[in-house]
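Thanks for making the time this morning. I would like to walk through one model with you, beginning with a pair of strands and then turning to a helix and its salt bridges.

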Amino acid sequence: MSCLNKSLSIHHPLEPIKDSKSKILILGSFPSVISRKQGFYYSHPRNRFWEVLGRLFKDRDLKTKNCKDKIAFLLTQGIALYDICVECQITNSSDSNLKPIKIAPIEHLIQNTQIRHIFLNGKKAEQIYQKNFQKFPLPYTCLLSTSPANAQYNLDKLCQEWHKILTPLQSNTESPSFNAILKKKG
């Protein structure tokens, strides 16, 4: 086995994208090699994340915008973005061999936000979330992965599936935010 293929423990290099007005949280599994090198989420040119969001929000140029504009877009729409793993062992960018070491502190991540629903970008993110957050009080939904490895689904199918994120973004009554749940318990 060459050194290039060896699984190494890698720390998440990106900051969460969120603010106090965020209504949903989208969690991937872990940034790809290209995203880690470029220092931004979903930077692989064949990942369809930005293209899907661009279609849903009628922003045809979203995929080609710079990082600063993409962050502004997410925050304007009420979308927080991060990954479920903050440290893992992974070979290249393959979720199939991703071994979580440290999980994202979801409770801390969504404090002081209006987040009321968590969306998981792909089955690996869902698998890790279910294992670690079984009793978390917010609803979650697993969506089809936008990864180029999930090429069996075309862009139209992805958009149809990802349309689910619009409901909690447009509604103030779907479910209470995490902060509202904490206030009721306290």
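**Strands, a covered helix and its salt bridges**

In this predicted model, strand β4 and strand β5, which covers residues 99-103, pair in the antiparallel sense over four bridges, and within that pairing Q89 stands opposite K99 in β5. Five of the six residues of β4, which spans residues 85-90, are buried, so the strand is largely enclosed by the rest of the structure.

Let me move to helix α2, residues 49-56, where six of the eight residues are buried, namely F49, W50, V52, L53, G54 and L56. Against what do the buried residues of α2 pack? They pack against β2, α3, β3, β6 and α6, and after the helix comes K58, which has a positive phi near 55°.

Of the salt bridges, the structure holds five, and one of them joins K63 to E51 with an N to O distance of 3.7 Å, linking the loop between α2 and α3 to helix α2 across twelve residues. Another joins D156 and R55, whose closest N and O atoms are 2.7 Å apart; because D156 lies in helix α6 and R55 in helix α2, this pair ties together parts that are 101 residues apart in sequence. At 51% relative accessibility D156 counts as exposed, while R55, at 43%, counts as partly exposed.

A word of caution on confidence: the chain averages a pLDDT of 91, with 91% of the residues scoring at least 70, but pLDDT stays under 50 over residues 1-5.

Conventions. Residues numbered from 1 in each chain as written. Predicted model: local features only at pLDDT ≥ 70, side-chain atom pairs only at ≥ 80, totals over all residues. Heavy atoms only, no water. pLDDT = per-residue confidence, 0-100. Contact = heavy atoms within 4.5 Å. Buried < 20%, exposed > 50% of the residue type's maximum accessible area, 1.4 Å probe, protein only. Helix = DSSP H or I, 4+ residues; strand = E, 2+ residues; numbered from the N terminus. Pairing = 2+ DSSP bridges. Salt bridge = Lys/Arg side-chain N within 4 Å of Asp/Glu carboxyl O.
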